[in-house]
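Subject: Structure handover

Dear colleague,

Here is the structure I said I would pass on. My notes on it follow below.

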Amino acid sequence: MPYRVFDTENREWVHPDKILISCGENKLLTCGNSVFGWQKLKELPEDRYLFHKSLGLVDKNDFPLYEGDICTVDMEEGHEDGDKIIVEIAYVEERASYFMFDWKHSKYYSFGEGISEIIEVIGNACEYKSDWNNEDDEA
């Protein structure tokens, strides 16, 4: 399954060829310098790197969807929250599924048939402040 990794310290995406995933322990590893033709593996600190899995779906521009993506979703005309909403894609472990969270309206949506025709990636949560969708809320 495709994935991508964000370096929170350098605030950038890490080249996928430099990151390996330990299947058994679910840890991120990187290749070090070559020793006699072998690569040294180094475990990466969990608090520095964010691992995002692909959903195996694409948006209306054929751009792949990953967890952490911020997207617009075209809603049905006359929808109570407007014709277009902004959502963040996240995995919910308790449900073993991905959902679209509309933080502004305190709602979530599951992925259904035809989602690729109405969703569009506009960014990723890593690239925005944590309060990206609550800018008009009062503390």
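Asp7, Glu9 and Arg48 are linked in a network of salt bridges, where a salt bridge is a side-chain nitrogen of Lys or Arg within 4 Å of a carboxyl oxygen of Asp or Glu. Before the rest, the basis: this is a predicted model, in which local features need pLDDT of at least 70 and side-chain atom pairs count only at pLDDT 80 or more, while totals for chains, interfaces and linings use all residues. Residues are numbered from 1 along each chain as its sequence is written, and side-chain values use heavy atoms, with hydrogens and water left out.

Overall make-up

The protein chain has 12 strands and 0 helices, both taken as DSSP runs numbered from the N terminus (helices are H or I, at least four residues; strands are E, at least two). Read along the sequence, the pattern is therefore β-β-β-β-β-β-β-β-β-β-β-β. Of the 139 residues in the chain, 33% are buried; buried means under 20% relative accessible area, exposed over 50%, and partly exposed in between, with a 1.4 Å probe and protein chains only. The accessible surface of the protein chain is about 9600 Å², and carbon and sulfur atoms account for 48% of that surface. These areas come from the Shrake-Rupley method with a 1.4 Å probe, and for residues only the protein chains shown count as cover. Among contacts between residues at least 6 apart in sequence, 45% join residues at least 24 apart, a contact being heavy atoms within 4.5 Å.

The sheet

An open sheet is formed by 4 strands in the order β2-β1-β6-β7, with antiparallel pairing; two strands pair if DSSP finds at least two bridges between them. The edges are β2 (12-14) and β7 (64-66), each with a single partner strand, so one side of each has no neighbour in the sheet. From one strand to the next the twist averages 40 degrees, using axes fitted as lines to C-alpha atoms (for helices over the stretch in contact) and angles from 0 to 180 degrees between N-to-C directions. Strand β1 (residues 3-7) pairs with β2 in the antiparallel sense over 3 bridges. Phenylalanine 6 has tryptophan 13, in β2, as its bridge partner.

Salt bridges

Side chains of opposite charge can pair when their charged atoms come close. The count here is 7 salt bridges. In one of them, arginine 48 meets aspartate 7 at 2.8 Å, N to O. This pair links distant parts of the chain, 41 residues apart: arginine 48 lies in the loop between β5 (38-43) and β6 (49-58), and aspartate 7 lies in strand β1. Aspartate 7 is buried, at 3% relative accessibility.

Another salt bridge joins aspartate 74 and lysine 84, whose closest N and O atoms are 3.5 Å apart. Aspartate 74 belongs to strand β8 (residues 69-74) and lysine 84 to strand β9 (residues 84-92), 10 residues apart. Both ends are partly exposed: aspartate 74 has a relative accessible area of 24%, and lysine 84 has one of 48%.

Aspartate 81 and lysine 107 also form a salt bridge, at 2.8 Å from N to O. Here the loop between β8 and β9, which holds aspartate 81, is linked to strand β11 (residues 107-110), which holds lysine 107, and the two residues are 26 residues apart. Aspartate 81 is buried at 16% relative accessibility, whereas lysine 107 is partly exposed at 24%.

Aromatic pairs

There are 7 aromatic pairs. Rings of Phe, Tyr and Trp (its six-membered ring) pair if their centres lie within 6.5 Å; planes under 30 degrees apart count as stacked, over 60 as edge-to-face and the rest as tilted. The rings of phenylalanine 99 and tyrosine 108 have centres 5.3 Å apart and planes at 90 degrees, so they are edge-to-face. For phenylalanine 101 and tyrosine 108 the centres are 5.9 Å apart and the planes are at 35 degrees, so that pair is tilted. Phenylalanine 99 is buried at 7% relative accessibility, as is phenylalanine 101 at 15%, while tyrosine 108 is partly exposed at 45%. Ring pairs link Phe99, Phe101, Trp103 and Tyr108 into a cluster.

One further item

Isoleucine 122 is in strand β12 (residues 119-124) and is partly exposed, with a relative accessible area of 41%. The C-alpha atoms of isoleucine 122 and threonine 72 are separated by 6.9 Å, although the two are 50 residues apart along the chain.

Regards
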